[in-house]
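The following paragraphs lead through selected contacts of the structure shown below, from a pair of helices to domains and chains.

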Amino acid sequence: MSQPMTLLPIAESAARVTPEAVARRVRGLSDRALAWLFVSPAMALLLAINIFPLLWTVRLSFTNYRANRPNAAVAGVGIDNYVSILNDPDVWTAMQATAHFLFWTILLEMVIGFGLAYLIDRRFRGHSFWTTVILIPMMLSPAIVGNFWTFLYQPQIGLWNYAAAFLTGIPASSFSMIGSVKLAPWAIINVDVWMWTPYVMLICLAGLRSIPTYIYEAAEVDRASRWRQFWTITVPMCLPFIMLAVLFRGIENFKMFDMVNLLTNGGPGSTTELASITLKREAFEKWRTGYSSAFAIILFVTVFGLANIYVKALNRVKSR
Amino acid sequence: MNKLIVGAIALASGLAAAAPPAQAQSKQLTLCWAAWDPANALAELSKDFTTGSGIAMKFEFVPWTSFADRFLNELNSKGRLCDLMIGDSQWIGGAAENGHYVKLNDFFDKNGIKMSDFMPATVTGYSEWPKNTPNYWALPAMGDAIGWTYRKDWFARPDLKAEFKKKHGRDLAPPQTYDELKQIAEFFQGRMIDGKKVYGAYIYTERGSEGITMGVTNALYDWGFQYDDPKKPYSMEGVVNSPDAVAGLEFYKALYKCCTAPGQTNAYMQEGLDAFKSGQVAMQMNFFAFFPGLYKDPNVGGSKIGFFPNPRAKQHFTQLGGQGISVISYSPNRDAALQYIKWFAQPDVQKKWWALGGYSCHKAVLNDPAFPKSTPFAQDFLTSMGIVKDFWAEPAYAPLLLAMQKRVHDYVVADQGTAKEALDALVRDWTKTFKEEGKLK
């Protein structure tokens, strides 16, 4: 009750200092018009930096436009760019590399992230300290992570190879994580898992802490085992959070660029060339702007479509 | 109100009177190039220009790995950052056709700058578009090519010399042919020298920009690779993927597999310098531009380092490096930029350029009888500049280069397919690009 009383003098003094001309104009506006007036700068900004570029990209995707040929004539090519992308074996190789990266990073991050969250939730002595330590990789810039893992993976001086040599007895300089066709895809997965598992852990921890303790107490009364409690209470109640983490990491990793670009540059050969790296090469190195616009639209539609289907599934799980 | 206006006018007049002369204040040129040793030498050299002209020089030097990305974006966006640019030789076609560079023919004629004063290979490589026509878009600025360095002190060790002679029946000396180079590289590979494991050779393998292409072409040219049929321009089938070219590519891979340090899967100029300076390799492929710095290196320079030009195989060529200096057509300081070019073209300035560590292309420097002995690598530089070949300098240079980077890296480093398959795929990629360009039907 006291709040309107204190706000009234403020409103009155604000009204007093408002110039009469402005006040008269505002008084003439309906609430709806006023709302539009306030929202319109944000809307204009959104249109200018999000919607317009998107529409422009769609338009360019049907042309042979090249941004490095400002003087060349731009011709419409219909759906040729889309057809050529979908028939390009290199694009499919990149999509396969992306799918491999996506599948394994999400799987590993969910398993390890949930496991860590489950441990941290036990509230053992020093759990706050360990939570902070675990979160450190997530706070680093992907550019820094990419660069320093390049050194860690260095066959002759890298700590990773030394650790592997210590544990397995294989000579440190006999293998190269980012230089080997077989190991490079796992090298980038390893770094992503190292960096982003803490993020998944945080989301899972929020899920675990949202489960009311009385449910576990009721289960104890019913003599449900720990194992049974885990599968019938913990996992189902945490599932919406886990699914949310999958959605976030899925979208992020589908467009993964910075870390992989710095770590392997898509190599060796094209082994770790994810879709985003292919897109960057087409757009800003080969300057096939029309073609790369079509590729960007395909990627956008793919991730948007999959995310929508996923969100519907998530809502179904939440409503259970 | 009137007092206010009068006051403002008085203040503005006072400020204008106190300001330095407009000429000295506004004249500044920005020169864009890669961040490497010769750029520092040019910055030093340019102090003379500032002293003589009163025009201040500002420099934008970008690391090689992002050099093309950064400055091609600048050109394509018609940016005004650079007044002068020392752009890569392969950019000349695109920069000329897209109007990024100022055509310099009239300026050269008016100021008595003759292209015949410069080494022909550098004029063709750095200035002309279309190639072999008298249309000049740059002044040859920095001559460069691929050469090799070797550990002279290791080659001179009596025990190693004796062992090598016993094994191969010849002296351990800088190789003349690629087969000899591989033999020497194998000899050093994995050997312990001064308690440290060393490796045979350092060659380019970089994937992201131009590295592996700049490396592999040295072998390809020597085996007979050509970009297209000399009688039928842009016709590449059977030329790019000829049996000789396939053999050249197979050789490069064999050299990579037998004789390089582990993990050398994405290495270019800087990594080569690191490997050589840290005493890891017996021989290093790299651009001549780095040789003055290496010669001065306290650990591996001086008497410990030797130089040799790219070895021969069936033929004898090497990959052209280097750049010309161009005036950017979007520059608001075009006259001052042309003034810099005029100053830079003078024989005396060119001599100082060489003395400071730059590689002049001017005959006044290169034809000087004292030149071959002026540094331990000067003669090898002259030899190399006589046998250079360059990558496509077409407007579609970028997709042509990226296709080669991919196909060659896939084969050499990632072990995918055969050499023939890699070059066949390259022919398909290049054919597609030239069709898109309207140069092939």
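Helices (H or I, at least four residues) and strands (E, at least two) are DSSP runs, numbered from the N terminus; axes are lines fitted to C-alpha atoms, for helices over the stretch in contact, and angles run from 0 to 180 degrees between N-to-C directions. This is a predicted model, in which local features need pLDDT of at least 70 and side-chain atom pairs count only at pLDDT 80 or more, while totals for chains, interfaces and linings use all residues. Residues are numbered from 1 along each chain as its sequence is written, and chains are lettered from A and ligands numbered from 1 in the order in which they are written.

In chain A, the axes of helix 13 (residues 275–285) and helix 14 (residues 289–319) come within 8 Å and cross at roughly 155°. Helix 13 and helix 14 of chain A are therefore roughly antiparallel to each other (angles over 145 degrees). Residues are in contact if their C-beta atoms, placed from the backbone, lie within 7 Å. Helix 13 of chain A contributes A275(A), L279(A), E282(A) and A283(A), which meet residues of helix 14 of chain A including Y291(A), F295(A) and L299(A).

Chain B is divided into domain 1 (27–144 + 321–389) and domain 2 (146–319 + 396–436), with bounds from an automatic or database domain assignment. The centres of these two domains of chain B, taken over C-alpha atoms, are separated by 27 Å. In chain B, 25 residues of domain 1 are in contact with 23 residues of domain 2. Helix 18 of chain B supplies the largest share of the domain 1 side, four residues.

Between the chains, the contact takes 26 residues from chain A and 22 residues from chain B.

How values were computed: Two residues are in contact if their C-beta atoms, placed from the backbone, lie within 7 Å. Angles under 35 degrees count as roughly parallel, over 145 as roughly antiparallel, 65 to 115 as roughly perpendicular and the rest as oblique.
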